[in-house]
Amino acid sequence: MNGRTQKISIQETCPQKNRTASEGYVGGQTFLWITENNLTDTNQLGDGLLELIVSPSNLNKAYLQVKRNKGSGGVDKMEVESLKDYLVTHKDKLIASILKGTYRPNPVRRALIPKDNGQKRQLGIPTVIDRCIQQAIAQVLSPMYEPQFSDNSYGFRPRRNAHGALRKCQAYITEGYKYAVDLDLEKFFDTVNHSKLIEILSRTVKDGRVISLIHKYLNAGVQVGSKIRTSEEGVPQGGPLSPILSNIMLNEMDKELESREHKFVRYADDLLILCRSKRSAERTMGSMIHFIEDKLFLKVNRDKSQSAHIRKVKFLGYSFHKSKGEGRLRIHRKSVAKMKAKIKELTSRSNGWGNARRKEALRQYITGWVNYFKLADMKNLLLKIDEWYRRRIRMVIWKQWKRIRTGVKNLIKLGVKKSKAWEWANTRKSYWHTANSFILKTTITTENLRKAGYVMLSDQYRKVSIKT
């Protein structure tokens, strides 16, 4: 070992000594290079934030994260599986172009995903190379900005989640804040003002090359079909940079709320401000709309925004109520309707699925759904939904027994007398009607469905309630 600096290539595994130098970066942090003997400080960063972003350890960490996230390719059609080979071959040229300022990001690929209200949300899918670079930028920006972010902000932050935001709301409601201002930022990710965002970034990020690189990503454009559209505003959802940039932008709103000593909770662009009175809520709503539109150049959807009693607002799929002086959570009716629509889709009589695929799809969906909504008071609700859900499953099973002989045979196996089995197998009533009959409810029982591998919502809730 001669102590010379060792060049580390992008690789499948991340050795323990290959730590990222971005952790804990503040101002004049030194730039860490991997050496054969140990980690050695070699030069002062100064304005060298870009060097930290493209350092071997940080790029390696970014590559591994992009690989874990998977996802589809961008406009160049390169998939994640090909990223390693590309970086091994071209990383030196790629890094050099970034440092010289000649690198040009590709446009993002437009993709549409359905929203709860039936509309479509626009996603911008960067190429896997750009995802890797964006991830490297985000990894360095995150520890710089975390100390600046509000304690009332919970979205896209380490060791914070929606459940933490909801518990904070509960605490405020318990303290007596029974009115809420629910502000809806209209198409937030599509309307972020680039100049304002760059201005805010420049207060903390002093390396102009990093600001320039981020600006290039903001202006990279969107490919729709064969045409490329310019992007003069907005932060495309779908890339690793959009979460941190959205938090940096909306932190301005958080600081304004804190300066006014308001109680609030924010998760990404979902904001709830808690007030003690209706009049206070109305006044707060008006003043914050002016701040958001006049200072941050964002637009508030007045049709969807409201100031109302906590029982009437929806936040992260939940609604609120108070019981014995304590703030409590319920599942919002729209969340229930969305869940039932999904189960209806998974138990469709005409999707052509086999039983094994249907059971697995239901298990995955129900487990995830109950884990997310486990904070709500929903024991009785789930017992009622389970009745409807079991009827859906019985309907599917009855349709599978559509031949009379098959129905007779299976009913007899389940303990029905032969004469009665023939009577029911010859019924002319609809599948849905028959699924609610006494015969099927007492033969295709809850216990039999459990043994067959079907997951019940109330059973899953009992499991997570004990853990919680």
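This is a predicted model: local features need pLDDT of at least 70, side-chain atom pairs count only at pLDDT 80 or more; totals for chains, interfaces and linings use all residues.
Residues are numbered from 1 along each chain as its sequence is written, and side-chain values use heavy atoms, leaving out hydrogens and water.

**View 1. The mixed sheet β4-β3-β6-β7.**
Four strands in this order make an open sheet with mixed pairing. Helices (H or I, at least four residues) and strands (E, at least two) are DSSP runs numbered from the N terminus, and two strands pair if DSSP finds at least two bridges between them. The edges are taken by β4 (120-125) and β7 (227-229); each has a single partner strand, so one side of each is left without a neighbour in the sheet. On average, neighbouring strands are turned by 45° against each other, direction ignored.

**View 2**
Strands of a sheet pair through backbone hydrogen bonds, either parallel or antiparallel. Strand β3 (residues 108-114) pairs with β6 in the parallel sense over two bridges. With β4, strand β3 pairs in the antiparallel sense over six bridges, and Ala111 stands opposite Leu123 in β4. Strand β6 (residues 222-224) is joined to β7 by three bridges, and the two run antiparallel. Here Val222 stands opposite Arg229 in β7.

Five bridges pair β8 with strand β9 (residues 270-275) in the antiparallel sense, and Phe264 has Ile273 in β9 as its bridge partner. Contact means heavy atoms within 4.5 Å. Axes are lines fitted to C-alpha atoms, for helices over the stretch in contact, and angles run from 0 to 180 degrees between N-to-C directions.

**View 2. The crossing of α7 and α9.**
Helix α7 (residues 194-204) packs against helix α9 (residues 241-259) at an angle of about 85°, and their axes are 10 Å apart. That makes α7 roughly perpendicular to α9 (65 to 115 degrees; under 35 counts as roughly parallel, over 145 as roughly antiparallel and the rest as oblique). From α7, Lys196, Leu197, Ile200, Leu201 and Arg203 meet Leu245, Ile248, Met249, Glu252 and Lys255 of α9. The contact residues divide into six nonpolar, no polar and four charged. Ala, Val, Leu, Ile, Met, Phe, Trp, Tyr, Cys and Pro count as nonpolar, Asp, Glu, Lys and Arg as charged, and the others, Gly among them, as polar.

**View 3. The largest cavity.**
A cavity is a set of points on a 1 Å grid over the protein atoms alone where a 1.4 Å probe fits but cannot get out; lining residues have an atom within 4 Å of a point. The largest cavity holds about 130 Å³ of space, the volume being that filled by probe spheres set on the points, which are joined across faces, edges and corners. Of its 16 lining residues, Val108, Gln134, Tyr217, Pro236 and Leu241 lie nearest its centre.

How values were computed:
On a 1 Å grid over the protein atoms alone, a cavity is a set of points where a 1.4 Å probe fits but cannot get out, and a pocket is an open set with protein on both sides within 12 Å along at least five of seven lines; lining residues have an atom within 4 Å of a point.
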